[in-house]
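Thanks for asking me to look through this model with you.

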Amino acid sequence: MGSLEKFVVIDLETTGHSAVKGDKIIEVGIVVIEKGAITKEFSTFLNPGKEIPSFISNLTSITNQDVAEAPMFAEVAEEIVSYFQSGYLIAHNVPFDLGFLNQELKMAGLPALRNPVLDTVELARVLYPQAPSYKLGELAALLDITHDKPHRAVSDAYVTAKLLLRLKEKLELLPYETIEHLLKLEKTFKSDLSELLRKRQNDLLFSTSDDFDVYRGIALKRINETGESYFEEQVLPPFGEYLDDVYEENGYLEKMLTNFEKRSGQREMSETIFDAFQTGRHALIEAGTGTGKSLAYLIPAIFEAIKHNKRIVISTYTTQLQTQLMEEDIPLVKTILPFTFSAALLKGKQHFISLERLEEELLADEYNYDIALTKAMILVWLTETVTGDIDELHLPTSGKYFAGNISAESEGQSDQSSSWTNKSFYQRAKNKAIKADIVITNHALLCTDMYHEYQFLPSYDHLIIDEAHHLEETASKRYGLKLDYVHMLYELNKIGAATEDKWLASLLDEFTELADLEAIRRWDGQFEATKHEIDDLFRMIFQYVSSQNKSDKSLSDIGRIQYRLLSEDDKNSAWQIIQEMAGRLLSLLRDLGEILQEIERNIDPDKKTTTVQLKNSKDSLAKFCEYIQELFLQPAEGTVRWVEIEAKGAKNAVYVYGEPTNISGLLAEDLFAVKKSVILTSATLTMNGSFSFMRQRLGLPKEAVDTKVIPSPFSYKDQVQLFIPNDFPDIRFGNQEEFIAATCEAILSLAEITKGRMLVLFTSYEMLRKAHQLLKEAILEQEFILIAQGITSGSRARLKKNFQSFDKAILLGTNSFWEGVDIPGQDLSCLVIARLPFEVPDHPLFAAKSQQLQEAGKNAFFDLSLPNAVIRFKQGFGRLIRSQSDRGIVFVCDSRIIKAKYGKFFTKSIPDVPVVFDSTREIMEKARSWF
């Protein structure tokens, strides 16, 4: 039987992860596929000759008793090998299973297996590039493959066999051009795919498909434009009648949603937005958790867009909410409303793939595994995607960098004469947005558009900003500056020396007459001098920051050392040397820019591709010159500058930042004075019922803004208990280790009561790390799974998914976990808040804002620090109750919420809930009885 017809699937359960370190196999499962059908199965326990660790028993349900009478590997080795006499060896992570198998065969005196292999993890990554996870259980769920006994060898082998058959089916759907590219990349893969790919290629030699468009050797999914008619005249009822039809008894929502519950706050929010639109006013609306604010703002936005033939822009902070709006809320509204409307999603250019840049990258041979895998994933994805949005892909880490390098942003200014222009995903998204009634975007693009005098988004007068508490931070970054070694070198290397195989060299090949220019003869010397100067500058900055007093430095939330640059630094002789170096670099960069201008004067202006690339290169150099001027030589008034260095990184791993300390004036002038009506909404906009903090930080004039608080429909009094211990060590007096120990003891006690299902929020990564270490030691033999941000590998979404997949789990998070993480139902029963979330006082930006307030005669604590902490606390508190049926405990370890005079600002800013301030022991008793 040919190897293409026989596939032998193996799965092993082991005592650990490393065969070479003495871990052993405890169960073998084998499934044989012949001619597309499962024909044989084999399974056996194996005696490892050592104890099975408890966490392995918990994971697999295999105990020491199960394997006590089982054979040793050597006794069944030849029987196992007999299954692999021919055909492919298949496993879900081949290096693991084959590594263990060959190690055991070596110990038994038998030769290693040399079969061709297929790794179903790798194949799934290539063939299902949008899958949310490549774990066996989650792939099985995605593809509706029954998985009865996860982490048992024969069950896992059976599921892997079924997965392989599905992967082969998917391979059979790919077009010739994609297969041809995969064959070029295949040599880098773990899997021996060439035979399967060549068979598919031969089958396709004389076939065509209507599902794909092929352009310049790249196969794309054929997209049939709908030809929707936009901005049509449609007759709409009066707004009040329209809301009755949507929200009231027998309305559109009730008819469409099976578990519809009327929420009075939802209609109230819609009315507030409509009134603001009609009167041309701005509005701040705090909508409590469970209000259903997405629908509440979509309903009036769509009405306004259709009634008055105008575009409404909706901006969110997270891509998660953007996706929810486009994939859930807008399709729902389209089904319930009796009139038609169009909606489009528009993100920044960095989110869209550039087919032109991909074509260039595919020409080169690829020897890097992660990049080859990423190229393969992208090629398959292009046969499926209609958006070209890179966020759809589940790429390996280095693959994300590669994708960034071939994004539409890497093209710089678009070249309308390029043969790829008609295929551009970004241009298609932009054109769709121009024709749409509702445009969904994000705060980053919104602020970029504002900064560039509204060049990126289609024109609009009415704007809804969801997650509005992030607007200040996003705008501050957009109006700020950032300079770092890696990015500068990356941009320079894209241009390259005249003798390198980069853009400039290809330009000289195209225009051979340029070689005689004196400017070209100067380029390589200037280019190398510039790169050396950049390296020297950043190394000198690293030394400067390292030599500063510890008290003048702080740590960022990702562990970088931060140092704020003050006017005193300008008088420091060491910093003056850095300024001289910056001046030299500025001069060199300007020289390079002038050489590019000289080149531009000597080439045919009709060569559009070349002139666009030239302009992009000149723009990059000009931007560096501007940033060097503002960060080192002539800092702008009202800008805070700081440096971040990687303490244990390379000596040029340096980042220099500048941001305005107060963005309110810029927002007032560039946004609120320009747009007719801006609606800002979030679940966390007030402190103690007042919008004054948010209004002042955003530059909203009091007389031009309406405010509304929509309370949550949830019954917090019945659903939540707030516990605060009165006997914790006081961290303010240097008792941090004792405080962390007490926090960990409370976490463990609560976890036993709530059976895990706990989210613990920290304000610093250092405290999280120390708590994780203590908890890890304490729960080694217990049943709880410990997941920690920054320690357990994976993104925030991945950690959340892992947390939900285990019955008894404790999730430790910091920063990003304080908001935007929805874990509804019984998956989350307990929220622990380690410390009240005050900003680190010595963070450069925060310190500069505090100083500015003090100089204006204000109180930095009450006017900045406290309001920020209260809003952050409200976000954290909101993680627990996400539906009417949720119940849970909030345990705040920080007694300042009761003891401090300002504590009432925290308790009065959350819904009214029962508060217990008592000893830890009494609290545990009350928690036990409440559950």
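The points below go through sheets, helix pairs, a hairpin, backbone angles and salt bridges.

1. A word on the source before anything else: this is a predicted model. Please read each of the points that follow as a description of that prediction.

2. If you want a pair to click on, leucine 89 has valine 117 in strand 5 as its bridge partner.

3. Helix 3 (residues 73–82) packs with helix 4 at an angle of about 120°, their axes being 10 Å apart, and the crossing is left-handed. Phe73, Ala77, Ile80 and Val81 make the contact from helix 3, while Leu101, Glu104 and Leu105 make it from helix 4. Sorted by class, this contact has six nonpolar residues, no polar ones and one charged.

4. Which strands form the edges of the seven-stranded sheet? This second sheet is open as well, with the order 10-11-9-12-18-8-19 and parallel pairing. Its edge strands are strand 10 (343–345) and strand 19 (705–710), each of which pairs on one side only. From one strand to the next, the twist averages 15°. Strand 10 joins strand 11 (residues 438–442) in the parallel sense through three bridges, and alanine 343 has isoleucine 438 of strand 11 as its bridge partner.

5. Helix 19 (residues 443–451) and helix 20 (residues 471–478) pack at about 50°, with 9 Å between their axes. The two helices are therefore oblique to each other, and helix 19 passes helix 20 in a right-handed crossing. On the helix 19 side the contact involves His443, Ala444, Leu446, Cys447, Thr448 and Tyr451; on the helix 20 side it involves Leu471, Thr474, Ala475 and Arg478. These contact residues divide into six nonpolar, three polar and one charged.

6. Helix 29 (residues 736–754) and helix 30 (residues 765–778) also pack at an angle of about 50°, and their axes are 10 Å apart. Helix 29 and helix 30 are therefore oblique to each other, with helix 29 passing helix 30 in a right-handed crossing. Helix 29 contributes Gln736, Glu737, Phe739, Ile740, Ala741, Cys744, Ile747 and Leu748 to the contact, and helix 30 contributes Met767, Lys770, Ala771, Leu774, Leu775 and Ala778. The class count for this contact is eleven nonpolar, one polar and two charged residues.

7. The hairpin is worth a quick look. Strand 6 (residues 212–215) and strand 7 (residues 218–221) run antiparallel and are joined by four bridges. Valine 214 has alanine 219 in strand 7 as its bridge partner. Two residues lie between the strands, and arginine 216 in the turn has a positive phi of about 50°.

8. Where else does a positive phi turn up in a residue other than glycine? Most residues other than glycine have a negative phi. Besides arginine 216, which has its positive phi although it is not a glycine, there is asparagine 250, with phi near 65°. Asparagine 250 is found in the loop between helix 10 (239–247) and helix 11 (252–256).

9. Finally, the salt bridges: how many are there? The count comes to 40 salt bridges. One to inspect links arginine 267 with glutamate 271, whose closest N and O atoms are 3.0 Å apart. Both residues lie in helix 12 (residues 264–279), four residues apart, which is about one turn of the helix.

Notes:
Residues are numbered from 1 along each chain as its sequence is written. This is a predicted model: local features need pLDDT of at least 70, side-chain atom pairs count only at pLDDT 80 or more; totals for chains, interfaces and linings use all residues. Side-chain values use heavy atoms; hydrogens and water are left out. Two strands pair if DSSP finds at least two bridges between them. Axes are lines fitted to C-alpha atoms, for helices over the stretch in contact, and angles run from 0 to 180 degrees between N-to-C directions. Angles under 35 degrees count as roughly parallel, over 145 as roughly antiparallel, 65 to 115 as roughly perpendicular and the rest as oblique. A crossing is left-handed if the near helix is turned anticlockwise from the far one by less than a right angle, and right-handed if clockwise. Contact means heavy atoms within 4.5 Å. Ala, Val, Leu, Ile, Met, Phe, Trp, Tyr, Cys and Pro count as nonpolar, Asp, Glu, Lys and Arg as charged, and the others, Gly among them, as polar. A salt bridge is a side-chain nitrogen of Lys or Arg within 4 Å of a carboxyl oxygen of Asp or Glu.
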